[in-house]
Amino acid sequence: MAIRHPAIASKAAKAAKAARVAKARRHATEGKNTVETPLSKSFTDPRDILLKPVVSEKSYALLDEGKYTFIVDPSANKTQIKQAVQAVFSVKVTGVNTINRQGKRKRTRTGFGKRADSKRAIVTLAEGDRIDIFGGPTA
């Protein structure tokens, strides 16, 4: 759903937004929790977010810069990825960049198919921190 600039929004949309805001304020004063995250959208274990490390020539080239590449859950956001890496590897994360990759279209005997889409995260660590699962440059 696209969000329009307030000056462009219709009067009905402005009235609906005002009603939503008033309802949220009323529920906040009554102590009702209006937003419940379903279990399917919440991550209980940080290892549910980090699926596996990316082993490629490009990802190994980034190791010298303190950047590590992971395949992550497609519904995870940057904050969740940062918290998961810090919890699992006990390191300080300074930045997270994400990439949504479309699956390749592949031809089979019966027609065309498509590989699954994936999401990758390039995690930048603080100076001096390392993750040893990649092996990295030998010192």
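Tutor: Let us take Ala121, which has a relative accessible area of 0% and is therefore classed as buried, the limit being under 20%. The model in which this is seen is a predicted one. Ala121 belongs to strand β6, which covers residues 118–125. In a regular strand the side chains alternate between the two faces of the sheet.

The surroundings of Ala121 come from elsewhere in the sequence. With residues up to four places away left out, Ala121 touches Tyr68, Thr69, Phe70 and Val72, and also Ile81, Val96, Asn97 and Thr98. For Val72, the separation along the sequence is 49 residues, while the C-alpha atoms of Ala121 and Val72 are 6.6 Å apart in space.

One of these contacts of Ala121, Thr69, is also in contact with Ser59. Ser59 is part of helix α2, residues 57–62. Ser59 has a relative accessible area of 4%, so it too counts as buried by the limit of under 20%. Beyond its neighbours within four places in sequence, Ser59 contacts Val54 and Lys67 as well as Thr69. A polar atom of the Ser59 side chain lies 2.9 Å from the backbone oxygen of Val54.

A further part to examine is the pair formed by strand β4, residues 105–108, and strand β5, residues 111–114. These strands run antiparallel and are joined by four bridges. Two residues lie between β4 and β5, and the arrangement is a hairpin. Within it, Lys106 stands opposite Gly113 of β5.

Technical notes:
Residues are numbered from 1 along each chain as its sequence is written. This is a predicted model: local features need pLDDT of at least 70, side-chain atom pairs count only at pLDDT 80 or more; totals for chains, interfaces and linings use all residues. Side-chain values use heavy atoms; hydrogens and water are left out. Buried means under 20% relative accessible area, exposed over 50%, partly exposed in between (1.4 Å probe, protein chains only). Contact means heavy atoms within 4.5 Å. A polar contact is a pair of N or O atoms within 3.5 Å; within protein, one must be able to donate a hydrogen and the other to accept it, and residues adjacent in sequence count only if both atoms are side-chain atoms. Two strands pair if DSSP finds at least two bridges between them.
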